[in-house]
Amino acid sequence: MDPLMLVAEWWWIAPVAAGGVTAGVIGVRHRSRSSGRRLAVDAARHDLKIAQTAIVEKKAAVKVARADVAQVSAERAARRATPEQVASAKRMLRDAERDVKAAAADIRARQARLQAARAAIPAASAPRPLDRLRSEHDAIVVQWMQYETDPSRQIAYPAMTDVKQPTTAAYLRAAGRATDLRREAGDRPTPAEFAAYRDGVAQLARAFEIAEHAARVAAGERPAAPAWHDAAQDAISRSAEAIDRAAEAAATAFTAWTARGRKPPRPPRDDT
């Protein structure tokens with residue numbers, strides 16, 4: 001058969017095959033999204049978009065603050081503004097610039113979270129992100145209930161269940177908010193709903209840790225120092241040792257240098 005006729009007869013195979021591959025990829029991604037496997041990824045991407053929008057607004061605020069400083073400085077030169085007004089405009093500019101730096105750091109953190117979420121997409125048989133988040137939430141509640149239901153813990157740590165304690169009250173508020181966010185998320189949350197619930201559970205975990213620490217301190221215990229405290233002490237010790245070594249090396253070098261600069265003593269003359 002003529003090759004040209006063969007191409008003319010089967011020209012439709014390549015587009016259809018390509019379309020089939022594309023449809024297959026889209027179908028797999030759709031099933032992944034509908035099953036909730038990519039929910040953490042979608043939530044992290046949602047957070048990143050919010051942060052990127054926020055930094056644009058903060059950069060615009062910096063431009064406005066710089067213009068205000070220039071205007072007030074010019075008015076001050078013309079004696080139509082006070083030094084206090086100039087100082088106030090400069091403080092607002094510094095605050096706006098700090099906000100931009102903080103927003104840039106927030107974007108980097110959210111980008112890292114997005115990469116981590118992509119790397120942690122569960123397999124088809126593994127628990128979904130929503131299931132894992134609910135399990136984490138339940139585990140915190142179980143820890144709290146041990147203080148509520150165990151008489152020995154109630155006696156040992158009364159502050160843990162005393163709503164008059166600020167840390168305990170903060171935990172209860174965080175618990176109520178996490179429960180509300182879980183109810184709002186339901187079984188098929190949007191990325192924004194999942195992100196809100198995820199942050200609520202993270203705040204609950206921190207509130208529980210703070211309340212438990214305060215209750216143990218109030219009971220007379222001395223909890224182990226946090227990991228960051230140990231790291232700081234280690235860094236300080238290493239810095240002190242490095243300074244001592246540097247000082248010792250400098251002293252040795254200085255001694256050697258001064259010794260090289262001196263002439264050896266001349267022997268006494270023998271006049272006899």
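Which residue with a positive phi follows α3? Arg79 follows α3, and its phi is near 65°. This is a predicted model, where local features need pLDDT of at least 70, side-chain atom pairs count only at pLDDT 80 or more, and totals for chains, interfaces and linings use all residues. Residues are numbered from 1 along each chain as its sequence is written, and side-chain values use heavy atoms, without hydrogens or water.

**Helix α3 and the residue after it**
- Helices are DSSP runs (H or I, at least four residues), numbered from the N terminus.
- α3 has 39 residues and reaches 57 Å from its first C-alpha to its last.
- That is close to the 57 Å expected at 1.5 Å a residue, taken as 1.5 Å times one less than the number of residues.
- Arg79 is not a glycine, yet its phi is positive.
- Arg79 lies in the loop between α3 and α4 (83–119).

**Where α3 meets α8**
- The axes, lines fitted to C-alpha atoms over the stretch in contact, come within 8 Å for α3 (residues 39–77) and α8 (residues 191–218).
- They cross at roughly 90°, which makes α3 roughly perpendicular to α8 (65 to 115 degrees).
- Residues in contact (heavy atoms within 4.5 Å) include Leu39 and Asp47 in α3, and Phe194 and Arg198 in α8.

**Asp47**
- Asp47 is in helix α3.
- Asp47 is buried (under 20%), at 6% relative accessibility.

How values were computed. Axes fitted to C-alpha atoms, helices over the stretch in contact; angles between N-to-C directions. Helix = DSSP H or I, 4+ residues; strand = E, 2+ residues; numbered from the N terminus. Parallel < 35°, antiparallel > 145°, perpendicular 65-115°, else oblique. Buried < 20%, exposed > 50% of the residue type's maximum accessible area, 1.4 Å probe, protein only.
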